[in-house]
Amino acid sequence: MADTVTLRLIIDDPVPGVRYSLQKDDLPFEPRTADDGPLEFELPITLHPDGRMTGPFVRREGPERRFVYIRIGTSAGDHASPWSRRAKIDIHDIPKLMLVPDAVLEVHLPGRGKDGSPACATVRPVTPWSPAKRR
């Protein structure tokens, strides 16, 4: 039997005025435009008894790498944006002891690259994955 784990992705310093969204089944999902504060996305993943992570948000690369995408700018549906990017967030490296049924795990992500534009490509967390406080 598979279990559900919720992931909370917190972009600490997104570029104001830029649209961001999750990627679900290769399409933008719940796009929103950043303002001056952090931007949060929550998504469910399915955790199988053999340790596999699946679901409409989960992508795979090779036999072990699993990740989710955050779409940015035109990729998130804002066709007037100067940016067309995706941020790849690795989830295969979440500590196995944290992956328990009904867990809510969060991670803080940088919102900007060194040049001040939206962070993209493989984005490394600012903090490690941790249990989130329920809301």
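Which residue in β9 does L9 stand opposite? L9 stands opposite V107. This is a predicted model, in which local features need pLDDT of at least 70 and side-chain atom pairs count only at pLDDT 80 or more, while totals for chains, interfaces and linings use all residues. Residues are numbered from 1 along each chain as its sequence is written, and side-chain values use heavy atoms, leaving out hydrogens and water.

**The sheet**

- Five strands form an open sheet with mixed pairing, in the order β5-β4-β1-β9-β11; strands are DSSP runs of E with at least two residues, numbered from the N terminus, and two of them pair if DSSP finds at least two bridges between them.
- At the edges lie β5 (53-54) and β11 (130-131), each of which pairs on one side only.

**Strand pairings**

- β1 (residues 3-11) runs antiparallel to β4 (residues 39-47) over 9 bridges, and R8 stands opposite E42 in β4.
- β1 also pairs with β9 over 6 bridges, in the parallel sense.
- β9 (residues 104-109) pairs with β11 in the antiparallel sense over 2 bridges, where L105 has P131 as its bridge partner.

**The largest pocket**

- The largest pocket holds about 160 Å³ of space; a pocket is an open set of points on a 1 Å grid where a 1.4 Å probe fits, with protein on both sides within 12 Å along at least five of seven lines.
- Its lining residues (an atom within 4 Å of a point) are D50, G51, R52, M53, P63, E64, R66, H92 and K96.
- By class, this lining has 5 charged, 2 polar and 2 nonpolar residues, with Gly counted as polar.

Methods: Helices (H or I, at least four residues) and strands (E, at least two) are DSSP runs, numbered from the N terminus. Grid points are joined across faces, edges and corners, and a volume is the space filled by probe spheres set on the points.
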